[in-house]
Amino acid sequence: MIRRDGAYVSLWQDMPGYIPEPVSENSRHYDVVIAGGGITGITAGYLLQMSGKKCLILEAYTLGFGTTGGTTAHINTLLDTPYTTIIKNFSVNDARLVASAAREAIEFIKSNVQELKIDCGFEEVPAFLFAEDKKQAEELDDIYKACDQVGLNVRFAADLPVPIPFKKAIAVGSQAKFNPLHYIYALARQFEKSGGRILQNLPLKDATEKDNIVSLQTDKGEFTCSSLIYATHIPPGVNILHLRCAPWRSYAMAIKLTDDSYPEGLAYDMQDPYHYYRSQTIAGETYLIAGGEDHKTAHEENTEQCFRNLENHVRKYFPVQEVVYQWSSQYFEPVDGLPYIGKLPGGSENIYVATGYGGNGMTYSTIAAAILKDMILHHESLYKDLFSPSRIKPLAGFTDFIEHNADVVKQFVGKWFDVKDLDVLAGLAPGEGKVVKYDSQVIALSKDSEGQLHAVSPACTHLKCSVAWNLAEQTWDCPCHGSRFDPDGKVLTGPATRDLEIVELKTMSEQT
(Lines give C-alpha, C1' and ligand atoms only; values in the text may rest on other atoms or scores of the structure.)
Protein backbone atom coordinates (compact mmCIF):
# COMPACT_ATOMS: atom_id res chain seq x y z
CA MET A 1 0.00 0.00 0.00
CA ILE A 2 1.30 3.44 -0.95
CA ARG A 3 1.85 5.86 1.89
CA ARG A 4 -0.12 9.07 1.50
CA ASP A 5 -0.42 12.50 3.08
CA GLY A 6 -3.24 11.61 5.44
CA ALA A 7 -4.91 8.87 7.46
CA TYR A 8 -7.19 7.57 4.70
CA VAL A 9 -6.09 5.57 1.66
CA SER A 10 -7.50 6.52 -1.72
CA LEU A 11 -8.85 4.09 -4.30
CA TRP A 12 -5.66 4.55 -6.35
CA GLN A 13 -3.18 4.17 -3.52
CA ASP A 14 -4.30 0.70 -2.39
CA MET A 15 -1.47 -0.91 -4.36
CA PRO A 16 2.28 -1.54 -4.02
CA GLY A 17 4.53 1.49 -4.13
CA TYR A 18 6.83 2.33 -7.01
CA ILE A 19 10.27 0.74 -6.85
CA PRO A 20 12.84 2.68 -8.92
CA GLU A 21 15.30 0.86 -11.12
CA PRO A 22 18.71 0.29 -9.48
CA VAL A 23 21.37 2.56 -10.96
CA SER A 24 25.13 2.15 -10.87
CA GLU A 25 26.05 5.77 -11.60
CA ASN A 26 25.87 8.37 -8.86
CA SER A 27 25.86 11.65 -10.76
CA ARG A 28 25.73 14.90 -8.89
CA HIS A 29 25.00 17.19 -11.85
CA TYR A 30 21.97 17.05 -14.14
CA ASP A 31 20.55 19.13 -16.94
CA VAL A 32 17.20 19.24 -15.16
CA VAL A 33 16.14 18.30 -11.62
CA ILE A 34 12.43 17.99 -10.90
CA ALA A 35 11.26 18.25 -7.29
CA GLY A 36 8.04 16.27 -6.97
CA GLY A 37 6.94 12.81 -8.09
CA GLY A 38 3.33 13.50 -8.99
CA ILE A 39 1.85 13.72 -12.47
CA THR A 40 3.44 17.12 -13.20
CA GLY A 41 6.95 16.04 -12.23
CA ILE A 42 6.78 12.62 -13.88
CA THR A 43 5.33 14.01 -17.12
CA ALA A 44 7.85 16.85 -17.28
CA GLY A 45 10.71 14.46 -16.55
CA TYR A 46 9.51 12.04 -19.21
CA LEU A 47 9.24 14.77 -21.87
CA LEU A 48 12.64 16.30 -21.08
CA GLN A 49 14.45 12.96 -20.82
CA MET A 50 12.97 11.87 -24.15
CA SER A 51 14.17 15.18 -25.60
CA GLY A 52 17.77 14.37 -24.71
CA LYS A 53 18.13 16.06 -21.31
CA LYS A 54 19.70 14.25 -18.37
CA CYS A 55 17.06 14.41 -15.63
CA LEU A 56 16.66 13.59 -11.95
CA ILE A 57 13.34 13.42 -10.09
CA LEU A 58 13.50 14.03 -6.33
CA GLU A 59 10.42 12.90 -4.39
CA ALA A 60 10.11 13.71 -0.68
CA TYR A 61 8.13 10.51 -0.03
CA THR A 62 7.01 8.13 -2.79
CA LEU A 63 5.56 8.63 -6.27
CA GLY A 64 1.89 9.54 -6.00
CA PHE A 65 2.13 10.41 -2.30
CA GLY A 66 0.25 13.70 -2.55
CA THR A 67 -2.51 15.14 -4.68
CA THR A 68 -1.94 12.89 -7.70
CA GLY A 69 -2.73 9.93 -5.44
CA GLY A 70 -5.75 11.75 -4.02
CA THR A 71 -7.37 13.09 -7.17
CA THR A 72 -10.63 11.80 -8.59
CA ALA A 73 -8.87 11.89 -11.98
CA HIS A 74 -11.24 13.74 -14.27
CA ILE A 75 -9.42 14.75 -17.48
CA ASN A 76 -11.42 17.54 -19.00
CA THR A 77 -11.78 20.64 -21.10
CA LEU A 78 -14.95 21.49 -19.16
CA LEU A 79 -12.97 23.16 -16.38
CA ASP A 80 -13.90 24.03 -12.79
CA THR A 81 -13.33 27.72 -13.54
CA PRO A 82 -16.00 28.26 -16.21
CA TYR A 83 -15.09 29.88 -19.50
CA THR A 84 -17.42 32.75 -18.60
CA THR A 85 -14.97 33.64 -15.79
CA ILE A 86 -11.86 33.08 -17.94
CA ILE A 87 -13.29 35.36 -20.64
CA LYS A 88 -14.13 38.00 -18.03
CA ASN A 89 -10.71 37.87 -16.34
CA PHE A 90 -8.69 37.52 -19.56
CA SER A 91 -10.27 37.58 -23.05
CA VAL A 92 -12.13 35.39 -25.53
CA ASN A 93 -8.88 34.64 -27.37
CA ASP A 94 -7.17 33.66 -24.12
CA ALA A 95 -10.10 31.42 -23.20
CA ARG A 96 -9.78 29.74 -26.60
CA LEU A 97 -6.10 29.13 -25.87
CA VAL A 98 -7.02 27.53 -22.53
CA ALA A 99 -9.52 25.23 -24.27
CA SER A 100 -6.94 24.39 -26.94
CA ALA A 101 -4.29 23.56 -24.33
CA ALA A 102 -6.77 21.33 -22.46
CA ARG A 103 -7.66 19.44 -25.66
CA GLU A 104 -3.97 18.91 -26.38
CA ALA A 105 -3.45 17.58 -22.83
CA ILE A 106 -6.17 14.95 -23.29
CA GLU A 107 -4.74 13.92 -26.66
CA PHE A 108 -1.23 13.70 -25.17
CA ILE A 109 -2.41 11.40 -22.37
CA LYS A 110 -4.39 9.31 -24.86
CA SER A 111 -1.38 8.94 -27.19
CA ASN A 112 0.86 7.90 -24.27
CA VAL A 113 -1.66 5.27 -23.20
CA GLN A 114 -1.83 3.88 -26.73
CA GLU A 115 1.87 4.05 -27.67
CA LEU A 116 3.21 2.79 -24.34
CA LYS A 117 0.32 0.32 -23.92
CA ILE A 118 -0.45 1.65 -20.42
CA ASP A 119 -3.09 -0.38 -18.57
CA CYS A 120 -4.67 2.48 -16.64
CA GLY A 121 -8.37 2.21 -17.52
CA PHE A 122 -8.25 5.25 -19.80
CA GLU A 123 -11.60 5.97 -21.46
CA GLU A 124 -12.91 8.86 -23.50
CA VAL A 125 -16.33 9.90 -22.19
CA PRO A 126 -18.58 12.97 -22.30
CA ALA A 127 -18.89 15.35 -19.35
CA PHE A 128 -22.22 16.73 -18.13
CA LEU A 129 -22.87 19.92 -16.17
CA PHE A 130 -26.41 20.23 -14.86
CA ALA A 131 -28.63 22.83 -13.21
CA GLU A 132 -31.18 21.97 -10.55
CA ASP A 133 -33.07 25.26 -10.28
CA LYS A 134 -33.92 28.35 -12.35
CA LYS A 135 -30.97 30.44 -11.18
CA GLN A 136 -28.50 27.68 -11.99
CA ALA A 137 -30.19 27.17 -15.38
CA GLU A 138 -29.65 30.82 -16.27
CA GLU A 139 -25.98 30.54 -15.31
CA LEU A 140 -25.73 27.34 -17.33
CA ASP A 141 -27.02 29.15 -20.42
CA ASP A 142 -24.12 31.60 -20.12
CA ILE A 143 -21.64 28.76 -19.62
CA TYR A 144 -23.01 27.00 -22.71
CA LYS A 145 -22.49 30.14 -24.82
CA ALA A 146 -18.96 30.56 -23.51
CA CYS A 147 -18.11 26.88 -24.16
CA ASP A 148 -19.40 27.22 -27.71
CA GLN A 149 -17.48 30.47 -28.15
CA VAL A 150 -14.14 28.84 -27.22
CA GLY A 151 -14.71 25.88 -29.52
CA LEU A 152 -15.78 23.05 -27.21
CA ASN A 153 -17.93 20.24 -28.57
CA VAL A 154 -20.90 21.30 -26.43
CA ARG A 155 -24.62 20.55 -26.67
CA PHE A 156 -27.70 20.69 -24.48
CA ALA A 157 -28.46 17.25 -23.05
CA ALA A 158 -31.82 15.60 -22.45
CA ASP A 159 -30.42 12.91 -20.14
CA LEU A 160 -27.71 12.49 -17.52
CA PRO A 161 -25.50 9.51 -16.64
CA VAL A 162 -26.48 9.97 -12.97
CA PRO A 163 -29.98 9.50 -11.44
CA ILE A 164 -30.34 13.07 -10.20
CA PRO A 165 -33.33 15.29 -11.13
CA PHE A 166 -32.27 18.34 -13.15
CA LYS A 167 -33.75 21.38 -14.87
CA LYS A 168 -31.19 21.81 -17.65
CA ALA A 169 -27.91 20.16 -18.66
CA ILE A 170 -25.10 20.53 -21.15
CA ALA A 171 -22.74 17.84 -22.42
CA VAL A 172 -19.16 18.28 -23.69
CA GLY A 173 -17.59 15.52 -25.74
CA SER A 174 -14.06 14.08 -25.78
CA GLN A 175 -13.38 14.18 -22.03
CA ALA A 176 -11.63 11.29 -20.26
CA LYS A 177 -10.94 9.31 -17.09
CA PHE A 178 -8.17 6.96 -15.94
CA ASN A 179 -6.25 5.49 -13.02
CA PRO A 180 -3.67 8.23 -12.36
CA LEU A 181 -1.12 6.10 -10.49
CA HIS A 182 -1.07 3.34 -13.09
CA TYR A 183 -0.47 6.07 -15.66
CA ILE A 184 2.38 7.87 -13.88
CA TYR A 185 4.04 4.60 -12.87
CA ALA A 186 4.21 3.63 -16.55
CA LEU A 187 5.63 7.05 -17.50
CA ALA A 188 8.14 6.83 -14.65
CA ARG A 189 9.32 3.41 -15.84
CA GLN A 190 9.76 4.74 -19.38
CA PHE A 191 11.59 7.78 -17.96
CA GLU A 192 14.04 5.46 -16.20
CA LYS A 193 14.48 3.23 -19.25
CA SER A 194 15.48 6.37 -21.16
CA GLY A 195 18.22 7.14 -18.64
CA GLY A 196 16.34 9.25 -16.10
CA ARG A 197 16.90 8.78 -12.37
CA ILE A 198 14.34 8.77 -9.54
CA LEU A 199 15.21 9.21 -5.87
CA GLN A 200 12.33 8.68 -3.44
CA ASN A 201 12.16 9.67 0.25
CA LEU A 202 14.57 12.52 -0.44
CA PRO A 203 13.05 15.98 0.05
CA LEU A 204 14.73 19.01 -1.46
CA LYS A 205 15.83 21.11 1.52
CA ASP A 206 17.05 24.25 -0.25
CA ALA A 207 17.89 25.58 -3.71
CA THR A 208 20.12 28.52 -4.63
CA GLU A 209 21.09 29.82 -8.04
CA LYS A 210 24.44 31.35 -9.00
CA ASP A 211 26.13 31.80 -12.37
CA ASN A 212 23.34 29.84 -14.10
CA ILE A 213 23.88 26.79 -11.88
CA VAL A 214 21.28 25.74 -9.31
CA SER A 215 22.66 24.12 -6.15
CA LEU A 216 20.33 21.72 -4.35
CA GLN A 217 20.68 20.65 -0.72
CA THR A 218 19.34 17.26 0.38
CA ASP A 219 19.95 14.75 3.16
CA LYS A 220 22.15 12.85 0.69
CA GLY A 221 24.35 15.81 -0.05
CA GLU A 222 24.41 18.43 -2.77
CA PHE A 223 23.23 18.10 -6.36
CA THR A 224 23.56 20.71 -9.08
CA CYS A 225 21.59 21.34 -12.23
CA SER A 226 21.13 23.78 -15.06
CA SER A 227 17.35 23.96 -14.52
CA LEU A 228 15.12 23.16 -11.55
CA ILE A 229 11.37 22.52 -11.71
CA TYR A 230 9.23 22.76 -8.59
CA ALA A 231 6.47 20.22 -9.29
CA THR A 232 5.48 20.21 -5.64
CA HIS A 233 1.88 21.42 -6.09
CA ILE A 234 2.89 24.73 -4.48
CA PRO A 235 6.52 25.92 -4.38
CA PRO A 236 8.31 25.54 -1.04
CA GLY A 237 9.79 28.38 0.97
CA VAL A 238 8.33 31.86 0.77
CA ASN A 239 7.19 33.27 -2.55
CA ILE A 240 4.64 35.76 -3.84
CA LEU A 241 2.69 32.85 -5.36
CA HIS A 242 1.66 31.82 -1.86
CA LEU A 243 -0.36 35.03 -1.70
CA ARG A 244 -1.94 34.25 -5.09
CA CYS A 245 -3.05 30.66 -4.42
CA ALA A 246 -5.56 29.60 -1.76
CA PRO A 247 -5.45 26.03 -0.37
CA TRP A 248 -8.69 24.02 -0.50
CA ARG A 249 -9.64 20.48 0.48
CA SER A 250 -12.04 18.21 -1.36
CA TYR A 251 -13.59 14.91 -0.23
CA ALA A 252 -14.04 11.73 -2.25
CA MET A 253 -15.51 8.25 -1.93
CA ALA A 254 -15.27 5.05 -3.97
CA ILE A 255 -18.55 3.20 -3.62
CA LYS A 256 -19.98 -0.17 -4.59
CA LEU A 257 -23.63 -0.04 -5.70
CA THR A 258 -26.30 -2.70 -5.23
CA ASP A 259 -26.98 -2.69 -8.98
CA ASP A 260 -24.95 -1.91 -12.10
CA SER A 261 -26.02 1.72 -12.46
CA TYR A 262 -22.47 3.11 -12.62
CA PRO A 263 -22.27 6.31 -14.69
CA GLU A 264 -20.40 6.08 -17.99
CA GLY A 265 -19.65 9.79 -18.26
CA LEU A 266 -18.41 12.53 -15.96
CA ALA A 267 -21.06 14.61 -14.17
CA TYR A 268 -21.02 17.84 -12.15
CA ASP A 269 -23.80 19.66 -10.33
CA MET A 270 -23.80 23.44 -9.74
CA GLN A 271 -24.29 23.49 -6.00
CA ASP A 272 -21.96 25.42 -3.70
CA PRO A 273 -19.96 23.42 -2.77
CA TYR A 274 -20.53 21.35 -5.87
CA HIS A 275 -20.46 17.56 -6.33
CA TYR A 276 -18.91 15.45 -9.05
CA TYR A 277 -19.37 11.86 -10.14
CA ARG A 278 -17.84 9.19 -12.36
CA SER A 279 -16.96 5.48 -12.30
CA GLN A 280 -13.77 3.43 -12.66
CA THR A 281 -13.06 -0.25 -13.04
CA ILE A 282 -9.93 -1.56 -11.28
CA ALA A 283 -8.94 -5.25 -11.24
CA GLY A 284 -12.41 -6.21 -12.46
CA GLU A 285 -14.24 -4.20 -9.78
CA THR A 286 -16.28 -1.13 -10.74
CA TYR A 287 -16.73 1.77 -8.34
CA LEU A 288 -18.78 4.92 -8.27
CA ILE A 289 -16.41 7.79 -7.45
CA ALA A 290 -18.16 10.78 -5.91
CA GLY A 291 -16.59 13.95 -4.58
CA GLY A 292 -17.39 17.35 -3.16
CA GLU A 293 -17.94 19.20 0.13
CA ASP A 294 -14.93 21.41 -0.69
CA HIS A 295 -13.77 24.02 1.81
CA LYS A 296 -10.71 26.14 2.43
CA THR A 297 -7.98 24.17 4.20
CA ALA A 298 -8.25 24.27 8.02
CA HIS A 299 -11.46 26.31 7.84
CA GLU A 300 -13.75 23.38 8.75
CA GLU A 301 -13.64 22.23 12.37
CA ASN A 302 -15.19 18.77 11.90
CA THR A 303 -13.73 17.33 8.69
CA GLU A 304 -15.23 13.90 9.43
CA GLN A 305 -18.65 15.52 8.99
CA CYS A 306 -17.67 16.43 5.43
CA PHE A 307 -17.45 12.71 4.66
CA ARG A 308 -20.81 12.09 6.27
CA ASN A 309 -22.39 14.94 4.29
CA LEU A 310 -20.98 13.52 1.07
CA GLU A 311 -22.18 10.01 1.90
CA ASN A 312 -25.67 11.27 2.74
CA HIS A 313 -25.78 13.15 -0.55
CA VAL A 314 -24.76 10.05 -2.54
CA ARG A 315 -27.23 7.79 -0.72
CA LYS A 316 -30.02 10.18 -1.65
CA TYR A 317 -29.62 9.30 -5.33
CA PHE A 318 -27.67 6.04 -5.64
CA PRO A 319 -28.34 2.49 -4.32
CA VAL A 320 -25.26 2.32 -2.09
CA GLN A 321 -24.06 -1.11 -1.03
CA GLU A 322 -20.78 -0.08 0.61
CA VAL A 323 -18.39 2.84 0.87
CA VAL A 324 -15.13 1.02 0.16
CA TYR A 325 -12.73 3.99 0.23
CA GLN A 326 -12.95 7.55 1.46
CA TRP A 327 -10.24 10.18 1.36
CA SER A 328 -9.61 13.89 1.04
CA SER A 329 -7.11 15.83 -1.01
CA GLN A 330 -5.72 19.33 -1.33
CA TYR A 331 -5.62 21.69 -4.27
CA PHE A 332 -4.75 25.35 -4.75
CA GLU A 333 -7.10 27.91 -6.29
CA PRO A 334 -5.41 30.72 -8.27
CA VAL A 335 -6.70 34.21 -7.69
CA ASP A 336 -7.62 34.84 -11.34
CA GLY A 337 -8.72 31.35 -12.37
CA LEU A 338 -5.65 30.12 -14.30
CA PRO A 339 -2.54 28.26 -13.11
CA TYR A 340 0.91 29.81 -12.76
CA ILE A 341 3.36 27.97 -15.03
CA GLY A 342 6.84 29.25 -15.85
CA LYS A 343 9.78 30.90 -14.14
CA LEU A 344 9.49 31.20 -10.37
CA PRO A 345 8.84 34.86 -9.45
CA GLY A 346 11.71 36.51 -7.63
CA GLY A 347 14.41 36.85 -10.25
CA SER A 348 15.42 33.22 -10.78
CA GLU A 349 16.36 32.51 -14.39
CA ASN A 350 16.61 28.74 -14.17
CA ILE A 351 14.04 27.80 -11.53
CA TYR A 352 10.54 26.94 -12.78
CA VAL A 353 7.20 26.33 -11.10
CA ALA A 354 3.74 24.96 -11.87
CA THR A 355 0.96 25.64 -9.37
CA GLY A 356 -2.62 26.84 -8.93
CA TYR A 357 -4.39 24.07 -10.87
CA GLY A 358 -7.67 24.39 -8.97
CA GLY A 359 -9.66 21.18 -9.30
CA ASN A 360 -8.24 20.33 -12.75
CA GLY A 361 -4.87 18.89 -11.80
CA MET A 362 -4.84 16.07 -14.33
CA THR A 363 -5.38 18.47 -17.24
CA TYR A 364 -3.23 21.38 -16.07
CA SER A 365 -0.36 19.14 -14.96
CA THR A 366 -0.01 17.85 -18.50
CA ILE A 367 -0.27 21.38 -19.91
CA ALA A 368 2.40 22.52 -17.44
CA ALA A 369 4.80 19.72 -18.35
CA ALA A 370 4.59 20.64 -22.05
CA ILE A 371 5.08 24.36 -21.39
CA LEU A 372 8.07 23.80 -19.09
CA LYS A 373 9.66 21.43 -21.58
CA ASP A 374 9.37 24.07 -24.31
CA MET A 375 10.79 26.78 -22.06
CA ILE A 376 13.80 24.72 -20.96
CA LEU A 377 14.49 23.61 -24.55
CA HIS A 378 14.03 27.22 -25.76
CA HIS A 379 11.15 26.24 -28.02
CA GLU A 380 8.20 28.48 -28.81
CA SER A 381 5.01 27.88 -26.84
CA LEU A 382 1.55 29.21 -27.65
CA TYR A 383 0.66 29.08 -23.96
CA LYS A 384 3.76 30.42 -22.20
CA ASP A 385 2.56 34.02 -21.79
CA LEU A 386 -1.02 33.09 -20.90
CA PHE A 387 0.01 30.98 -17.88
CA SER A 388 3.14 32.92 -16.95
CA PRO A 389 3.63 33.66 -13.23
CA SER A 390 4.95 37.07 -14.29
CA ARG A 391 1.35 38.15 -14.96
CA ILE A 392 1.07 38.78 -11.22
CA LYS A 393 1.98 42.28 -10.10
CA PRO A 394 4.74 42.69 -7.48
CA LEU A 395 3.49 43.61 -4.04
CA ALA A 396 4.95 46.62 -2.31
CA GLY A 397 6.97 45.59 0.71
CA PHE A 398 6.98 41.88 -0.17
CA THR A 399 10.73 41.57 0.44
CA ASP A 400 10.32 43.02 3.92
CA PHE A 401 7.37 40.68 4.45
CA ILE A 402 9.57 37.66 3.69
CA GLU A 403 12.39 38.83 5.92
CA HIS A 404 10.01 39.46 8.79
CA ASN A 405 8.18 36.13 8.57
CA ALA A 406 10.65 33.55 7.31
CA ASP A 407 12.48 33.09 10.62
CA VAL A 408 10.60 30.89 13.07
CA VAL A 409 11.65 31.34 16.67
CA LYS A 410 12.37 28.12 18.59
CA GLN A 411 10.19 28.95 21.56
CA PHE A 412 10.16 25.52 23.25
CA VAL A 413 13.87 24.70 23.21
CA GLY A 414 14.92 23.48 26.68
CA LYS A 415 11.36 23.47 28.00
CA TRP A 416 9.17 20.53 28.94
CA PHE A 417 5.56 20.14 30.02
CA ASP A 418 3.79 17.65 32.24
CA VAL A 419 1.84 15.00 30.31
CA LYS A 420 -0.82 14.54 32.96
CA ASP A 421 -1.58 18.25 33.33
CA LEU A 422 -1.87 18.76 29.57
CA ASP A 423 -3.98 15.64 29.14
CA VAL A 424 -6.46 16.82 31.74
CA LEU A 425 -6.47 20.35 30.31
CA ALA A 426 -7.07 19.26 26.73
CA GLY A 427 -9.64 16.54 27.45
CA LEU A 428 -8.96 14.87 24.12
CA ALA A 429 -10.54 11.65 22.91
CA PRO A 430 -8.37 9.36 20.75
CA GLY A 431 -8.02 10.89 17.30
CA GLU A 432 -8.77 14.44 18.45
CA GLY A 433 -6.49 17.44 18.46
CA LYS A 434 -6.68 21.05 19.57
CA VAL A 435 -4.54 24.09 20.24
CA VAL A 436 -4.47 24.91 23.96
CA LYS A 437 -2.93 27.58 26.15
CA TYR A 438 -0.99 26.31 29.16
CA ASP A 439 1.45 28.10 31.45
CA SER A 440 1.51 31.16 29.11
CA GLN A 441 2.42 28.89 26.15
CA VAL A 442 0.28 27.88 23.17
CA ILE A 443 0.67 24.19 22.30
CA ALA A 444 -0.84 22.00 19.56
CA LEU A 445 -1.94 18.72 21.19
CA SER A 446 -3.30 15.56 19.62
CA LYS A 447 -4.07 12.09 20.93
CA ASP A 448 -3.49 8.99 18.81
CA SER A 449 -5.65 5.85 18.69
CA GLU A 450 -3.58 4.30 21.51
CA GLY A 451 -4.28 7.26 23.79
CA GLN A 452 -0.76 8.71 23.59
CA LEU A 453 -0.44 12.49 23.61
CA HIS A 454 1.61 14.29 20.94
CA ALA A 455 2.62 17.95 21.30
CA VAL A 456 4.10 20.41 18.82
CA SER A 457 4.30 24.14 18.34
CA PRO A 458 1.22 25.43 16.51
CA ALA A 459 3.31 28.02 14.61
CA CYS A 460 3.56 26.90 10.99
CA THR A 461 7.21 27.01 9.95
CA HIS A 462 6.28 28.68 6.69
CA LEU A 463 4.93 32.07 7.82
CA LYS A 464 3.94 31.47 11.46
CA CYS A 465 0.18 31.07 10.99
CA SER A 466 -1.44 28.87 13.64
CA VAL A 467 -2.24 25.35 12.46
CA ALA A 468 -5.59 23.61 12.99
CA TRP A 469 -6.34 19.92 13.56
CA ASN A 470 -7.78 17.90 10.66
CA LEU A 471 -9.87 15.26 12.42
CA ALA A 472 -10.44 13.14 9.32
CA GLU A 473 -6.85 12.95 8.07
CA GLN A 474 -5.17 13.22 11.52
CA THR A 475 -2.94 16.12 10.48
CA TRP A 476 -2.12 19.67 11.47
CA ASP A 477 -3.15 21.94 8.57
CA CYS A 478 -2.22 25.58 8.02
CA PRO A 479 -5.19 27.78 7.02
CA CYS A 480 -2.98 30.45 5.42
CA HIS A 481 -0.96 28.70 2.72
CA GLY A 482 -1.81 25.01 3.02
CA SER A 483 1.21 23.47 4.73
CA ARG A 484 0.34 20.18 6.43
CA PHE A 485 2.10 18.21 9.18
CA ASP A 486 1.67 14.83 10.86
CA PRO A 487 0.89 14.61 14.62
CA ASP A 488 4.61 14.78 15.43
CA GLY A 489 5.10 17.87 13.27
CA LYS A 490 6.74 16.28 10.22
CA VAL A 491 6.06 18.15 6.96
CA LEU A 492 3.58 16.31 4.71
CA THR A 493 2.72 19.12 2.30
CA GLY A 494 4.53 22.36 1.47
CA PRO A 495 5.14 25.22 1.16
CA ALA A 496 6.72 24.68 4.60
CA THR A 497 10.11 22.98 4.38
CA ARG A 498 10.74 22.60 8.12
CA ASP A 499 8.92 20.42 10.65
CA LEU A 500 6.90 21.89 13.47
CA GLU A 501 8.90 22.23 16.67
CA ILE A 502 8.41 19.26 19.00
CA VAL A 503 7.17 20.09 22.49
CA GLU A 504 8.76 17.76 25.04
CA LEU A 505 6.31 15.99 27.33
CA LYS A 506 7.32 14.27 30.57
CA THR A 507 5.71 13.00 33.72
CA MET A 508 6.58 14.54 37.08
CA SER A 509 8.06 11.20 38.17
CA GLU A 510 10.60 11.40 35.36
CA GLN A 511 11.96 14.61 36.91
CA THR A 512 12.43 13.28 40.42
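E123 sits at 34% relative accessibility, so it counts as partly exposed; buried here means under 20% relative accessible area, exposed over 50%, and partly exposed lies in between, with a 1.4 Å probe and protein chains only. You will find E123 in strand 4, residues 123-131. Helices (H or I, at least four residues) and strands (E, at least two) are DSSP runs, numbered from the N terminus. Together with D259, D260 and E264, E123 forms a negative surface patch. For a patch, residues must have over 30% relative accessible area and no salt bridge; like charges are joined within 9 Å, and nonpolar side chains (Val, Leu, Ile, Met, Phe, Trp, Tyr) within 5 Å. Lys and Arg count as positive and Asp and Glu as negative, while His and the chain ends are not counted. The place of a charge is NZ of Lys, CZ of Arg, CG of Asp or CD of Glu. The areas themselves come from the Shrake-Rupley method with a 1.4 Å probe, and for residues only the protein chains shown count as cover.

A word on the model, please. It is a predicted one: local features need pLDDT of at least 70 and side-chain atom pairs count only at pLDDT 80 or more, while totals for chains, interfaces and linings use all residues. Residues are numbered from 1 along each chain as its sequence is written, and side-chain values use heavy atoms, leaving out hydrogens and water.

Since E124 lies in strand 4 and K110 in helix 3 (residues 92-115), the pair ties together parts that are 14 residues apart in sequence. E124 is partly exposed too, at 37% relative accessibility. By salt bridge I mean a side-chain nitrogen of Lys or Arg within 4 Å of a carboxyl oxygen of Asp or Glu. Side chains of opposite charge can pair when their charged atoms come close. How many salt bridges does a search of the whole structure find? The count is 16.

Another of these is the contact between E285 and K256, whose closest N and O atoms are 2.8 Å apart. This pair links distant parts of the chain, E285 in strand 14 and K256 in strand 11, 29 residues apart. Which of the two is buried, and which is partly exposed? K256 is buried at 16% relative accessibility, whereas E285 is partly exposed, with 38%.

That takes us to strand 14 itself, residues 285-296. This strand is mostly covered, with 10 of its 12 residues buried. On one pairing, seven bridges join strand 14 to strand 11 (residues 245-257), and the two run antiparallel; two strands pair if DSSP finds at least two bridges between them. Along that pairing, I255 stands opposite L288. Strand 14 also pairs with strand 13 (residues 275-282), again in the antiparallel sense, over eight bridges. There, H275 faces G292. Strands 13 and 14 make a hairpin with two residues between the strands, and A283 in that hairpin takes a positive phi near 50°.

Let's stay with backbone geometry for a moment. Most residues other than glycine have a negative phi, and most peptide bonds are trans. Where are D211 and H233, two non-glycine residues with positive phi? D211, with phi of about 50°, is in the loop between strand 8 (206-210) and strand 9 (213-218). H233, with phi of about 80°, is in the loop between strand 10 (221-230) and strand 11. D211 is exposed at 68% relative accessible area, while H233 is buried at 18%.

Two cis peptide bonds deserve a look as well. One runs from D272 to P273, with omega near 0°, and P273 is in the loop between strand 12 (266-268) and strand 13. Another joins G494 and P495, with omega of about 20°; P495 belongs to the loop between strand 25 (491-493) and strand 26 (504-506).

Strand 22 pairs with strand 23 (residues 475-477) over three bridges, and W469 stands opposite W476.

Finally, look at D477. Its salt bridge with R484 has closest N and O atoms 3.2 Å apart. D477 is buried at 1%, and R484 is buried at 0%. Both belong to a network of salt bridges that also links R4, D5 and E473.
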